Amino acid sequence: MTEKRVYTFGNGKAEGNAQMRELLGGKGANLAEMNLIGVPVPPGFTITTDCCNEYYKIGQEKIIKVLESEVNGAVKHIENLMNSKFGDTTNPLLVSVRSGARASMPGMMDTILNLGLNDEVAEGLVAKTNNPHFVYDSYRRFVQMYGDVVLEMKPVNKEDIDPFEEIIEEVKAERGIKLDKDLTVDELKKLVKLFKEAIKERTGKDFPNDPIEQLWGAICAVFRSWMNDRAILYRKMEGIPDEWGTAVSVMAMVFGNMGETSATGVCFSRDAGNGENLFNGEYLVNAQGEDVVAGTRTPQQITKVGSLRWAQRAGISEEERASKYPSMEEAMPDIFAQLNDIQEKLEHHYRDMQDMEFTVQEGKLWFLQTRNGKRTGSAMVKIAIDLLHEGMIDEKTAILRCEPNKLDELLHPVFDKLALQKANVITQGLPASPGAACGQIVFHADDAQDRHADGHKVILVRIETSPEDLAGMSAAEGILTARGGMTSHAAVVARGMGKCCVSGAGGINVSYKDKTVEIDGQLYREGDYISLNGTTGQVYAGEVPTKAAELSGDFKELMDLCDKYTKLQVRTNADTPHDASVGRAFGAKGIGLTRTEHMFFDDKKIIAMREMILADTPEGREKALNKLLPYQKADFKGILEAMDGLPVNIRLLDPPLHEFVPHDLVGQQVMADEMGVDLSTIQRRVASLAENNPMLGHRGCRLGITFPEITAMQTRAIISAACELKKEGKNPKPEIMVPLIGTVAEFRQQKAVILKSARRTFDEYGFKLEFEIGTMIEIPRAALTADLIASEAQYFSFGTNDLTQMTFGYSRDDIASFLPAYLDKKILKVDPFQVLDQEGVGQLIHMAVEKGRRVRPNIRTGICGEHGGEPSSVKFCAKLGMNYASCSPYRVPIARLAAAQAAVEE
Ligand code: PEP
Ligand code: MG
């Protein structure tokens with residue numbers, strides 16, 4: 001039997017179902033499923049995602065041969081159900097051709113509507129429908145879309161508008177009309193002709209008249225769109241593998257542009273911006289799908305509540321709203337009732353918020369798509385918790401519904417309320433994607449990328465956005481558009497990215513050419529600052545100050561739920577009391593890594609530190625260390641106090657000493673004066689510290705071994721800080737960690753120094769307290785000999801930054817020079833310094849944990865490299881039964897969620 005490549009659906013039957021999204025893509029699988037549960041869907045068929053990969057292997061000509069008989073049969077299937085014929089000149093069938101990957105990629109790939117039209121078919125359709133305006137409006141849209149997507153007609157310069165829009169504008173200008181819908185049949189016919197001529201002139205290609213040729217062109221163009229720049233970038237951002245491919249769904253056309261009883265729209269079963277349980281969406285009467293998402297006409301709201309809110313925000317009177325922009329609930333109450341029932345049915349069926357597309361053709365409602373809706377981080381959390389409370393999902397599902405990395409959005413700063421009261425609102429748009437953003441205005445996506453790369457915060461200001469702007473939107477802090485509703489491209493994509501966005505700000509006047517935007521009579525230029533409030537839609541002049549977010553409400557409830565299931569605890573990496581408090585407020589159960597060297601970058605401390613390094617006798621070092629001791633003690637006291645009652649793992653000095661010494665003349669002179677030696681002595685010592693390979697040089701425990709007085713001083717500072725807190729009635733829990741161990745002998749030597757210094761300090765205070773001594777595992781040899789090391793060390797903390805560096809042999813400071821090529825050539829899938837390499841580095845961790853446990857069954861194990869805040873790496877550690885992951889304070893909730901998911905997935 002040959003492989004099945006085409007799956008039909010229609011009339012309540014389907015060859016596929018919702019479980020087949022890998023093969024049929026999300027759209028294809030859900031179109032099949034909707035048929036099976038009785039939702040009205042136009043008949044059609046889906047070509048599998050495997051065929052997309054096959055297309056890239058064997059090419060256009062061969063894939064057409066392979067698919068030909070199945071596609072012909074499937075077209076017949078549609079013809080039978082629709083009682084019309086593809087390419088027929090008396091009773092023609094038109095189809096749409098849509099993309100649909102396994103994971104939804106809104107707006108990233110291509111769609112073609114009204115396919116099957118040519119001059120003869122158009123005339124036939126006029127005779128059939130008696131509606132020449134509709135027919136020629138559909139025809140000009142088809143030529144436009146086909147020209148753009150299949151024949152690849154593009155604007156010449158980035159400042160130019162779409163070449164087809166340019167022609168439309170010219171034709172409208174000839175008669176002095178403003179709206180597309182006022183074009184006459186003759187003008188629409190003229191557009192068709194002009195479009196075809198422009199295509200020939202610009203691309204050298206003839207517009208194909210044969211509907212079958214059109215169909216193959218469109219199917220292959222959808223396959224091709226899998227590899228367009230924006231789809232590639234989107235996959236990179238969302239971690240979607242290139243191998244998945246897109247399916248192609250071909251469906252009978254239903255028309256929202258057949259007159260005043262026809263419409264088209266997009267709706268959501270809940271609010272995708274804030275998660276509120278409120279059915280919402282937008283529609284346009286007498287329009288086709290792209291009109292709603294393109295933002296070229298102002299869409300109307302589906303519900304009356306939504307419409308009232310919209311009018312209030314836009315400053316539109318009730319009279320104007322009710323007459324010009326009535327909701328569907330008011331204007332088409334019967335259709336609205338059906339729509340409302342079906343959206344409820346779909347949400348219950350999928351048990352998640354749905355994002356749906358529909359068309360009303362002459363009073364009959366059709367669903368064209370449903371998918372789990374993209375949402376912001378805060379909507380994600382609210383919807384999961386609400387669905388849990390409503391009994392639609394259980395606790396474990398609620399945890400799994402939330403994507404750890406998306407929590408990042410909830411941790412971003414929000415506008416300071418007091419500052420907001422004083423800020424100057426200059427205009428109001430739609431609250432398309434919540435959050436606070438301020439930055440310098442830019443008008444083009446590539447300018448946003450360039451300025452962002454130069455370290456500036458930017459706000460991308462556009463008349464409307466298109467999928468080409470994706471990279472610029474990603475680089476910007478926020479997006480402001482003049483046109484487009486809540487379901488416009490800008491809004492949908494910004495919400496998916498968790499990017500602050502205000503759309504449809506009708507009061508702004510953008511000139512791409514002059515790079516200016518006029519707001520409320522004032523001209524703003526590229527580089528001027530504005531601030532956006534994506535939660536209210538307000539736009540402010542200048543920079544409005546922000547403040548840190550906090551863990552409360554649904555977010556807190558989710559985190560509490562995580563604690564109920566998690567096995568792996570989360571600590572924070574913190575070098576200051578402030579970081580420790582932030583981490584603790586986000587739920588950290590202690591500190592997994594305090595890098596003591598970060599404490600020395602301060603005016604006075606660095607001088608004492610440099611003196612210690614530049615001294616060339618033990619006495620000289622001792623003297624400088626005595627100066628450092630009180631600073632270190634105060635620092636440790638602050639941190640231990642902020643984490644009172646919870647463990648604090650403090651690492652002894654780690655980096656190469658030359659990082660601390662002055663390399664400039666002024667700095668060297670300061671040190672010479674401070675130490676009472678001449679400049680040349682300092683310069684000689686600085687030169688002697690230079691190393692060929694500092695990352696593998698005199699650093700880590702090697703410092704403590706060559707200069708044991710450093711280890712002794714740091715231990716003394718830690719223990720005395722703890723003793724003082726104890727005397728104040730606090731409960732400090734210090735842990736002392738030796739870095740960069742490769743052999744057990746190194747550890748043993750440092751442990752002896754620590755114990756001796758601790759004993760002495762306890763004697764001074766006259767009492768003892770408990771503390772632990774452990775080590776980092778960050779050199780492959782330490783992992784290989786972890787059993788020997790565990791006989792001495794009370795705990796292991798995996799320093800996966802160095803462990804990755806030394807396992808791959810990639811310098812962590814120099815990887816940027818070859819990483820892009822490695823990713824490009826698919827030698828690496830991801831940056832191993834961001835995502836733990838489970839296959840290689842992970843094997844060393846696994847082995848070290850097991851060897852450690854063999855010798856010390858309860859040995860505590862944790863991770864403290866950058867991977868400790870990366871969800872897949874955290875899950876890996878959880879699966880090994882490690883005790884904790886430690887990450888930067890702002891990633892603590894992300895790691896908590898990932899850890900809970902690992903427990904739930906077990
Ligand atoms: C590590 O190597 O993973 C680590 C946490 O230490 P550092 O990044 O300070 O070298
Ligand atoms: Mg390290």
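Two strands are taken to pair if DSSP finds at least two bridges between them, and in this predicted model strand 6 (residues 95-101) and strand 7 run antiparallel and are joined by 3 bridges. Within this pair, V95 stands opposite L115 of strand 7. Both strands belong to an open sheet of 6 strands, in which the pairing is antiparallel and the order is 2-1-3-8-6-7. Strand 2 (13-14) and strand 7 (111-115) form the edges of the sheet, each of them pairing on one side only.

The magnesium ion (ligand 2) has E778 (OE) and D802 (OD) as its protein donors, at distances of 2.0 to 2.2 Å. Because E778 is placed in the loop between strand 31 (772-777) and helix 31 (780-784), whereas D802 is part of helix 33 (residues 800-808), the pair ties together parts that are 24 residues apart in sequence. E778 counts as buried, with a relative accessibility of 2%, and D802 likewise counts as buried, at 3%.

For R812, an N or O atom of the side chain is found 2.7 Å from an oxygen atom of ligand 1. Of the 290 Å² of accessible area that ligand 1 has on its own, the protein covers 95%. The ligand is surrounded by 14 residues, the closest being R595, R651, G799, N801 and R812, and this shell comprises 7 charged, 4 polar and 3 nonpolar residues. Strand 28 (591-595) and helix 33 each contribute at least two residues to the shell, with helix 33 giving the most, namely 3 residues.

How values were computed: Residues numbered from 1 in each chain as written. Chains lettered and ligands numbered in written order. Predicted model: local features only at pLDDT ≥ 70, side-chain atom pairs only at ≥ 80, totals over all residues. Heavy atoms only, no water. Donors = N, O, S within 2.8 Å, 3.2 Å for Na, K, Ca; no water. Helix = DSSP H or I, 4+ residues; strand = E, 2+ residues; numbered from the N terminus. Buried < 20%, exposed > 50% of the residue type's maximum accessible area, 1.4 Å probe, protein only. Near = heavy atom within 4 Å. Polar contact = N/O pair within 3.5 Å; in protein donor to acceptor, adjacent residues only side chain to side chain. Areas by Shrake-Rupley, 256 points an atom, 1.4 Å probe, with all protein chains shown as cover. Nonpolar A, V, L, I, M, F, W, Y, C, P; charged D, E, K, R; others polar.
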